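Morning, everyone. Please have a look at the protein on the screen, and then we will walk through it together.

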Amino acid sequence: MTTPATATLMGLEPHPEGGWFRRYYTSQVPVETAGGARPAATIIHYLLTPGEESAWHVVTSDEVWLWHGPGTLELRLGGSGDAPDDAPETATLGPELAAGHVAHVLVPAGTWQAARLGGDQEVLVSCAVSPGFDFADWRLA
């Protein structure tokens with residue numbers, strides 16, 4: 001596996017769902033959840049490069065995706081059932097607000113999600129999760 005230049009510069013590691021990530025914020029305030037104590041919030045940088053995508057997954061917390069660029073990202077929301085919907089909603093994170101792009105997307109807790117590039121440029125986003133992310137609260141389709 002070849003590490004993309006941006007991943008090297010930012011100290012990102014491979015993510016189990018695809019792409020590259022690094023946690024850069026963990027709240028020091030704990031909150032109780034059904035899965036146990038979690039930080040109040042966590043934030044990661046997440047990178048997708050051409051040929052990569054994020055597999056369908058679900059998190060038990062709310063997640064906000066924040067676009068940084070340079071490319072666009074298609075975030076698919078696949079409902080909250082036992083598996084992703086066959087016809088997911090898609091939001092495009094990117095710079096062209098007049099064309100319908102958005103700067104951020106809220107993925108409610110328990111909603112299936114998957115991401116892919118909207119073009120041929122890599123894209124960097126941040127993902128803020130509250131209560132904070134724990135792999136025990138995450139699963140792949």
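How many bridges join S8 to S11? The count is 5, and the two strands run antiparallel. Strands here are DSSP runs of E with at least two residues, numbered from the N terminus. Two strands pair if DSSP finds at least two bridges between them.

A word on the source. This is a predicted model, where local features need pLDDT of at least 70 and side-chain atom pairs count only at pLDDT 80 or more, while totals for chains, interfaces and linings use all residues. Residues are numbered from 1 along each chain as its sequence is written, and side-chain values use heavy atoms, with hydrogens and water left out.

Back to S8. On the S11 side, Leu75 stands opposite Ala115. S8 also pairs with S9, antiparallel again, over 5 bridges. There, Arg76 faces Thr90 of S9. Is S8 enclosed or open? It is largely enclosed by the rest of the structure, because 4 of its 5 residues are buried. Buried means under 20% relative accessible area, with a 1.4 Å probe and protein chains only.

Now the loop between S7 and S8. Thr72 sits there. Thr72 is buried, at 15% relative accessible area. Set aside its neighbours within four places in sequence, and its contacts include Trp67, Thr92, Arg116 and Val123. Contact means heavy atoms within 4.5 Å.

Next, the nonpolar cores. A core is a set of buried Ala, Val, Leu, Ile, Met, Phe, Trp, Tyr and Cys residues joined through side-chain atoms within 4.5 Å. The largest has 17 residues, and Leu73 and Leu75 are among those with the most contacts inside it. Elements giving two or more residues to this core include S5, S8, S9 and S11. A second, separate core has 5 residues, including Trp20 and Leu124. In soluble globular proteins, nonpolar side chains tend to be buried together.

Last, the largest pocket. On a 1 Å grid over the protein atoms alone, a pocket is an open set of points where a 1.4 Å probe fits, with protein on both sides within 12 Å along at least five of seven lines; lining residues have an atom within 4 Å of a point. This pocket holds about 210 Å³ of space. It is lined by 16 residues, and His15, Ile44, Glu63, Val129 and Phe133 are the closest to its centre. Which strand gives the most to the lining? S5 does, with 3 residues.

How values were computed:
Points joined across faces, edges and corners; volume = space filled by probe spheres on them. Buried < 20%, exposed > 50% of the residue type's maximum accessible area, 1.4 Å probe, protein only.
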